[in-house]
Amino acid sequence: MEAKGVVVITLVVTLAAVARAARPEETGPGLARRGSASSPTTHLHFYFHDKVSKPSPTAVRVVDPVDPSSRSFFGMINVMDDPLTEGPEPESKPMGRAQGLYMGSDQAKLGFLQAMNLVFTDGTYNGSVVTVLGRNCPFDDVREMPVIGGTGAFRFARGYAQARTHTLDLKTGDAIVEYNVYVMH
């Protein structure tokens, strides 16, 4: 199991490095500096439904924490394919999926390294993806994570995502999280 964790961490770090290296920093003929007034900014608002309980979980644990009695879940890795909806109700209109993983990366408190693709499956951004990679501490009121890229309408994206826990069931671990994502592309 330890080897799986090393492979996943290596993959995440490599993907982040490749994404960073692929971004043009210079301006030139026909190129606008990223973040200039000519870059559109899009605000995305949705709810993320992370269901770890049975039946039909949308996030599953693939590596257990180093110390199962620890409240930080350090070393745990979950893989997710969570629905994104317009409202907080699970039956609210679907907008897409959050596909990726989150892992316990803080030994002192509950803190995750979260790597996910926000895959939009409806509306104006159907078929487009926003990629988020950052620290997510679920018990903080507001968490901010960087947008590191995207595809389709969000090619060359950058920005940030703010997450606020809407509901958390401490017995099951199931959560509904409100996201506000601001993307320049």
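D106 is buried, at a relative accessible area of 14% (buried: under 20%; exposed: over 50%; partly exposed: in between; 1.4 Å probe, protein chains only). The model is predicted, with local features needing pLDDT of at least 70 and side-chain atom pairs 80 or more, while totals for chains, interfaces and linings use all residues. Numbering runs from 1 along each chain, and side-chain values use heavy atoms, without hydrogens and water.

**Exercise 1.** State which side chain meets D106 in a salt bridge, and where the two residues lie.

*Solution.* Step 1: the partner is R135, at 2.9 Å from N to O (a salt bridge is a side-chain nitrogen of Lys or Arg within 4 Å of a carboxyl oxygen of Asp or Glu). Step 2: R135 belongs to strand β6 (residues 129–136) and D106 to the loop between β4 (94–104) and β5, so the pair ties together parts 29 residues apart in sequence (strands are DSSP runs of E, at least two residues, numbered from the N terminus). Step 3: R135 has a relative accessible area of 42% and is partly exposed.

**Exercise 2.** Describe the salt bridge between K109 and D140.

*Solution.* Step 1: their side chains meet at 3.3 Å, N to O. Step 2: K109 sits in the loop between β4 and β5, and D140 in the loop between β6 and β7 (143–151), so this pair ties together parts 31 residues apart in sequence. Step 3: K109 is partly exposed at 35%, and D140 is partly exposed at 33%.

Note on methods:
Helices (H or I, at least four residues) and strands (E, at least two) are DSSP runs, numbered from the N terminus.
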